[in-house]
Amino acid sequence: MTPAARLAAAIDLLAAVEASPRRPADAIANDFFRNRRYIGGSDRRNVSDRAWGAIRQRLRLSWHFGEFGITAPSARLLLAGHLILAEGWTLEGVEQNYSGERFAASPLSVEERGVLEKLVGRPLVLPRMPDGPRLNLPEWAMPGLIRRFGDGLAAEAAAMEQPAPLDLRANLLKGSREAVLAALVAEGIPATLTPLSPWGLRIADRRPVSGTKTFLEGLVEIQDEGSQLVALLTDAQPGMRVADYCAGAAGKTLALAATMGNRGHIVACDTSASRLEGAVKRLRRGGVHNSECHLLTSGDKWRKRSSRKFDRVLVDAPCTGTGTWRRNPDARIRTNARDLAELVAKQAMILDDASELVRPGGRLVYATCSLLPEEDEMQMAGFLERHPDFTPVPFAALWPALRPDIAAPCPGPYMALSPHSHGTDGFFAAVLQRQPS
Ligand SMILES: C[S@@+](CC[C@H](N)C(=O)[O-])C[C@H]1O[C@@H](n2cnc3c(N)ncnc32)[C@H](O)[C@@H]1O
């Protein structure tokens, strides 16, 4: 492909993302390239890097165009703006590529040229920008993020703009962390031990691992270190009855089975049949023998039958995913204030339902990959008010037994991890104990 054709394809991809604001951009990109198999590997990387560049800077680009009265910039304008503001292109450079020749984007209109001219030489980030675009954070999340980080918000926002490392969890059902590390190294994948999780391995250069023998044989799972710590905190022990209430594709179920040494019983529940199908495959590959999957339906009798039967109930709740913005930069623009309000209500309902399963003296573990107090501490405050038979078990009291060799990574009554402070995705976890009868 010529450079101009690559840019034209990046405009098309960006237009597809803009046209479906509720769909994850990586799913749109997968469809886009599946329908254009003629785009080869290096062209594909170039096209998607360009489109993702503009998606990452969407909030800032909107602000710049808004200064000139353009409230809904087209994909071609957004991409040109990105080239000028973020990549330092000249207007002539843009015009040479928006040439109208075969496979190239059509030439700039007089109006487009007029606006882009004003962007030339401007920095992408200006001190006079409001905090939201300056820090690349959406307005709807600002109150919660300010409450969470206070003066530390700028450093956290900068960390959220960095690419996330690729973290793996060594599957202790198949080998020790050291043995799994050696297997990866033997396949030419250098990795280091993660500092907090006792099972974590970090691939520095984000080299893909899903084709390696180590991965295909179930010795490792892809899982952020923060997510591994949620499983650690659940403290599921051999012989226990455990419910992973929002199991999805079983990321945490797999880790729980490992801490249980495949003994006892785990029920992986979810309302999504397709996610549970993915779970079945992963559990098989991971060598998990002590789990079953249960599809939650309305009027489910299983929940009633299972009342107060479980030693541990993990609720890894659906959330805004603000803690994963390093990996999913498009989620900043895909989610809004109404989504947050709906999720908070949904989390409360799920918590009320799931807590029924906890036996007297057993524990409910609530987790999100959100940095927003509304979904985290405030959600817990509401739950504890509705359920006075549950009491928080402080994180600082739990940690020494789980990782005696390392100081607790955060002080609070709850675990609250963030990209800047802990090098993990943003994860929150609370452990609540039900009164013994
Ligand atoms: C954060 S994801 C879980 C990720 C998973 N635990 C993992 O570690 O890979 C939240 C999950 O909650 C599920 N969910 C949504 N509404 C639910 C409900 N009312 N009851 C149970 N699960 C629900 C979603 O289908 C989704 O799989």
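# Close-up views of a predicted model

Among contacts in the protein between residues at least 6 apart in sequence, 73% join residues at least 24 apart, two residues being in contact if their C-beta atoms, placed from the backbone, lie within 7 Å. The structure is a predicted model, in which local features need pLDDT of at least 70 and side-chain atom pairs count only at pLDDT 80 or more, whereas totals for chains, interfaces and linings use all residues. Residue numbers start from 1 along each chain as its sequence is written.

View 1. Helices (H or I, at least four residues) and strands (E, at least two) are DSSP runs, numbered from the N terminus. Along the principal axes, the C-alpha trace spans about 75 × 50 × 45 Å. Of the 437 residues, 43% count as buried, a term used where 20 or more other C-beta atoms lie within 10 Å of a residue's own, with exposed meaning 12 or fewer, partly exposed meaning in between, and the C-beta atoms placed from the backbone.

**View 2. Met-1, in the segment before helix H1 (3-19).** Met-1 counts as partly exposed, with 17 C-beta neighbours inside 10 Å. Leaving aside neighbours within four places in sequence, Met-1 is in contact with Arg-6 and Asp-43. The C-alpha atoms of Met-1 and Ser-42 are separated by 9.6 Å, although these two residues are 41 residues apart along the chain.

**View 3. Asp-270 and Asp-316, which UniProt lists for "binding site" in an unreviewed entry.** The UniProt positions are given in the numbering used here, feature names are shortened, and annotations may be inferred rather than shown by experiment. The two positions are spread over 47 residues of sequence, yet they cluster in space, the largest C-alpha distance being 10.4 Å. Asp-270 lies in strand E6 (residues 265-270) and is buried, with 23 other C-beta atoms within 10 Å. Not counting residues up to four places away in sequence, Asp-270 touches Cys-246, Ala-247, Gly-248, Arg-275, Leu-276, Leu-295 and Leu-296. Asp-316, in strand E8 (residues 310-316), likewise counts as buried, with 26 C-beta neighbours inside 10 Å. With the residues up to four places away in sequence again left out, Asp-316 touches Val-230, Cys-246, Lys-252 and Ala-367.

**View 4. An open sheet of four strands in the order E2-E3-E1-E4, with antiparallel pairing.** Strand E2 (192-193) and strand E4 (220-222) stand at the edges, each with a single partner strand, so one side of each is left without a neighbour in the sheet. Two strands pair if DSSP finds at least two bridges between them, and strand E1 (residues 166-170) pairs with E4 in the antiparallel sense over three bridges. Within this pairing, Leu-168 has Ile-222 in E4 as its bridge partner. Helix H11 (residues 177-186) lies across E1, E2, strand E3 (200-203) and E4, and runs at about 20 degrees to E3; axes are lines fitted to C-alpha atoms, for helices over the stretch in contact, and angles run from 0 to 180 degrees between N-to-C directions.

**View 5. Helix H9 (residues 142-149), in which Gly-144, Leu-145 and Arg-148 are buried.** These residues cover an arc of only 95 degrees around the axis, which puts them on the same side of H9, the arc being that of the directions from the helix axis to the C-beta atoms. An α-helix has 3.6 residues a turn, so residues three or four places apart point the same way. What covers the buried residues of H9 includes helix H10 (153-160). Just after H9, Gly-150 takes a positive phi of about 50 degrees.

**View 6. Strand E12 (residues 427-434), mostly covered, with six of its eight residues buried.** Strand E9 (residues 358-368) pairs with E12 in the antiparallel sense over six bridges, and Leu-364 stands opposite Leu-432 in E12. Strand E10 (residues 390-392) also runs antiparallel to E12, joined by three bridges, with Gln-433 in E12 as the bridge partner of Thr-391. Strand E11 (residues 415-417) and E12 pair in the antiparallel sense over three bridges, and here Ala-416 has Phe-428 in E12 as its bridge partner.
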